[in-house]
Amino acid sequence: MNPIPYVDIHTHLFRPEKETITVQNIFPGEGFAAFSGRNFYSVGLHPWHIKTPEENNQLLVQVEEALEFDHVIFVGETGLDKRSETNFEEQKRVFEAQAFMAEEYQKPLIIHCVKAYNEVLEIHKKMEPGMTWIFHGYNGSVQMTQQLAKQNFLFSFGEILFLPGTKAIESFRILPLNKIFFETDEYDGEVEYMYKQGARLKKIPEEEITMAVWDNFNRIENKLMSRF
């Protein structure tokens, strides 16, 4: 048994793990299991699922209801996606509403972002949030990564680390260990593979990167240790 558990910061799949800590993404109104020790959740209205303002407001109420549970530890995934056919102005309104929820409930924000990093950064500067904002499935340029890192964003990486020549790999290499997480997202495999690839790209022992991610998780989820 690995003395330091792996953390899968974002997955859409139910994973009855005994050792890995998972944060499973659920959508508004979906059910989720009682807390068993390492099964955490995030809940949010995804930009792909934006509907009318009235329907979105009802879904946001369901997001807030789920946030009342202690093991729903993140808000999201929410965010902005310029490739989505949903209304971009409504995306922004819904995103900001969930960012405010993250502040109210003192839970970090998981962000889906496609071609809208500047807009997310603008909202972040306007809100000056106290809670951590995390880009999941990150694939931004080195220049954008440096800009975002200065504003205290964190970054989660998944399967893209196995695709040569991607922006994500170069950004991953320049980020300090205290800025990164790993995820499986919709990948039907173990997050351990992301850790091993991350260690290869950083040219450091896997144990070092595992400890760093564990420390990052504890830093942003400060109630965790009382749950063990």
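Accessible areas are derived here by the Shrake-Rupley method with a 1.4 Å probe. By that method, the protein chain of this predicted model exposes about 10800 Å², of which carbon and sulfur atoms supply 50%.

**Overall architecture**

The protein chain contains seven helices and eight strands. Its C-alpha trace spans about 50 × 40 × 30 Å along the principal axes. A compact globule with 228 residues would have a radius of gyration near 17 Å, and the value of 17 Å for the protein chain therefore agrees with that expectation. Of the 228 residues, 57% count as buried. Among contacts between residues at least 6 apart in sequence, 64% join residues at least 24 apart. As to charge, the protein chain carries 23 positive and 34 negative side chains, and the centres of the two sets lie 7 Å apart.

Helix α4 comprises residues 142-150, and Met144, Thr145, Leu148 and Ala149 are buried within it. These four residues lie on the same side of α4, because they cover an arc of only 130 degrees around the axis. The face turned away from this buried side carries Gln143 and Lys150, both of which are exposed.

| Element | Residues |
|---|---|
| α3 | 117-127 |
| β6 | 133-135 |
| β7 | 154-157 |
| α5 | 167-174 |

**The segment after α4**

Just after α4, Asn152 adopts a positive phi of about 70 degrees. Phe153 is placed in the loop between α4 and β7. The relative accessible area of Phe153 is 0%, and this residue is therefore buried, since the cut-off for burial is under 20%.

Leaving aside residues up to four places away in sequence, Phe153 touches Ile111, Val120, Leu121, His124, Trp133, Phe135, Leu148 and Lys179. One of these partners, Leu148, is also one of the buried residues of α4. Glu190, by comparison, is 37 residues from Phe153 in sequence, and the two are 25 Å apart in space, C-alpha to C-alpha.

Key: Residues are numbered from 1 along each chain as its sequence is written. This is a predicted model: local features need pLDDT of at least 70, side-chain atom pairs count only at pLDDT 80 or more; totals for chains, interfaces and linings use all residues. Side-chain values use heavy atoms; hydrogens and water are left out. Helices (H or I, at least four residues) and strands (E, at least two) are DSSP runs, numbered from the N terminus. The radius of gyration is taken over C-alpha atoms; the globule rule is 2.2 Å times the number of residues to the power 0.38. Buried means under 20% relative accessible area, exposed over 50%, partly exposed in between (1.4 Å probe, protein chains only). Contact means heavy atoms within 4.5 Å. Lys and Arg count as positive and Asp and Glu as negative; His and the chain ends are not counted. The place of a charge is taken as NZ of Lys, CZ of Arg, CG of Asp or CD of Glu. The arc is that of the directions from the helix axis to the C-beta atoms.
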